[in-house]
Amino acid sequence: MTSFIDMGGYGLYVWLSYALSFAFVIGAAAHTWQRARKHKKNKGLKEYTEQT
Amino acid sequence: MTGLFDSLANPTRFRTVSAVIRPFCFWAAAIFFIFGLYLALLASPPDYQQGDAVRIMYVHVPAAWLGLSSYLGLGLCALFYVVWRHPLANIAARAIAPIGAGFTALTLITGSLWGYPIWGTWWVWDARLTSMLVLLFFFIGYIALETGFERPERGARMASILALVGVLNLPIVKFSVDWWNTLHQPASILRSGGMAIDVSMLWPLFTMFAGFQLFFIWVVLHRMHWMLSERRRVAGKARAKAM
């Protein structure tokens with residue numbers, strides 16, 4: 001387990017790369033959902049609510 | 001191609017088609033990510049020279065491919081908008097730009113994190129790195145122009161022209177490693193003479209790329225969906241005011 005985390009001495013670089021990549025993916029997804037929810041809440045958007 | 005574009009360019013039809021595609025893309029991306037992470041972090045072997053640092057490749061290379069392909073998409077949308085003035089093309093470009101910029105920034109950051117332990121430096125002004133940075137500036141320029149005008153149509157037109165100019169940078173990014181001496185390694189996959197990467201590293205790479213690609217499609221379609229709704233709401237308000 002320790003060797004897996006250590007990644008042959010490159011652990012900091014490897015894990016930081018994956019953390020940043022998936023932080024971006026999760027951040028973009030969260031922002032997209034947040035905006036979609038905001039639009040759903042808008043009463044003027046009946047069509048949007050019907051479709052989603 | 002034109003027929004397909006014409007049929008999908010209708011906003012109502014687009015929304016119907018995208019509502020079907022989006023859940024598929026989301027769940028497929030999640031599956032590819034889980035499987036890809038397993039392959040990239042556990043199943044694939046370390047490199048004989050770089051050791052485990054090579055695992056950065058499985059996020060760095062897909063991010064770079066997406067940065068480039070999303071800019072190509074942005075350029076095509078800009079072309080459709082400049083030539084045919086189709087509003088859906090502009091909405092697609094607006095949806096693509098920040099996500100493409102994010103993937104390009106991610107390419108530069110993960111590249112630095114890979115470069116430091118292997119090259120001994122975070123950054124060099126070599127042709128590949130510099131042209132990728134220029135690509136990021138084109139994305140930022142597009143976003144700034146698109147949102148920087150009082151009249152949105154004018155901003156969209158200016159931004160589209162800038163996006164078209166930026167397309168010239170794409171072959172420079174791709175062939176920079178062949179045209180100039182660079183610290184960055186030459187192409188390993190899309191090159192004459194076949195792929196120069198072992199299949200044990202190719203599968204994790206393609207699996208992670210599939211995950212990122214499907215995620216990209218999901219986000220862009222979702223963004224286009226609410227941008228269309230927003231546009232319709234604003235148009236409705238303007239019509240109500242006029243009456």
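## Basis of the description

A residue is called buried if 20 or more other C-beta atoms lie within 10 Å of its own, exposed if 12 or fewer do, and partly exposed in between, with the C-beta atoms placed from the backbone. The structure is a predicted model, in which local features need pLDDT of at least 70 and side-chain atom pairs count only at pLDDT 80 or more, whereas totals for chains, interfaces and linings use all residues. Residues are numbered from 1 along each chain as its sequence is written, and chains are lettered from A and ligands numbered from 1 in the order in which they are written.

## The two chains

Of the 52 residues of chain A, 21% count as buried. Chain A has 3 helices and 0 strands, where helices (H or I, at least four residues) and strands (E, at least two) are DSSP runs, numbered from the N terminus; the order of its elements from that end is α-α-α.

Chain B has 243 residues, and buried residues make up 38% of them. Its secondary structure comes to 8 helices and 0 strands, and its C-alpha trace spans about 70 × 35 × 30 Å along its principal axes. Two residues are taken to be in contact if their C-beta atoms, placed from the backbone, lie within 7 Å; among the contacts in chain B between residues at least 6 apart in sequence, 75% join residues at least 24 apart.

## Where the chains meet

The interface brings 29 residues of chain B into contact with 24 residues of chain A. On the chain B side, at least two residues each are supplied by α2 (11-43), α3 (57-84), α4 (87-119) and α8 (199-242). The residues on this side of chain B comprise 16 nonpolar, 7 polar and 6 charged, where Ala, Val, Leu, Ile, Met, Phe, Trp, Tyr, Cys and Pro count as nonpolar, Asp, Glu, Lys and Arg as charged, and the others, Gly among them, as polar.

Helix α2 (residues 11-41) of chain A packs against α3(B) at an angle of about 40°, with the axes 9 Å apart; axes are lines fitted to C-alpha atoms, for helices over the stretch in contact, and angles run from 0 to 180 degrees between N-to-C directions. The two helices, α2(A) and α3(B), are therefore oblique to each other, given that angles under 35 degrees count as roughly parallel, over 145 as roughly antiparallel, 65 to 115 as roughly perpendicular and the rest as oblique. The crossing of α2(A) and α3(B) is left-handed, a term used if the near helix is turned anticlockwise from the far one by less than a right angle, with right-handed used if it is turned clockwise. In this pair, Ser17(A), Tyr18(A) and Ser21(A) of α2(A) meet Val59(B), His60(B) and Ala63(B) of α3(B), and by class the contact has 3 nonpolar, 3 polar and no charged residues.

## Helices within chain B

Within chain B, α3(B) and α4(B) pack at an angle of about 155°, with their axes 7 Å apart, which makes α3(B) roughly antiparallel to α4(B). The residues of this contact divide into 19 nonpolar, 10 polar and no charged, and α3(B) passes α4(B) in a left-handed crossing.

Helix α2(B) bends by about 25° at Ser18(B), the bend at a residue being the angle between axes fitted to the seven residues ending there and the seven starting there. Ser18(B) is itself buried, as are Cys25(B), Ala29(B), Phe32(B), Phe33(B), Gly36(B) and Ala40(B) in α2(B). What covers the buried residues of α2(B) includes α3 and α8 of chain B.

## Loop residues

Most residues other than glycine have a negative phi. Arg85(B), although not a glycine, has a positive phi of about 55°; Arg85(B) lies in the loop between α3 and α4 of chain B and counts as partly exposed, with 13 C-beta neighbours inside 10 Å. The C-alpha atoms of Arg85(B) and Ala95(B), 10 residues apart along the chain, are separated by 17 Å. In chain A, Met7(A) also has a positive phi, near 50°; Met7(A) is found in the loop between α1 (2-6) and α2 of chain A and counts as partly exposed, with 19 C-beta neighbours inside 10 Å.

Asn181(B), in the loop between α7 (169-179) and α8 of chain B, is exposed, with 7 other C-beta atoms within 10 Å. From C-alpha to C-alpha, Asn181(B) and Ser69(B) are 24 Å apart in space, and 112 residues apart in sequence.
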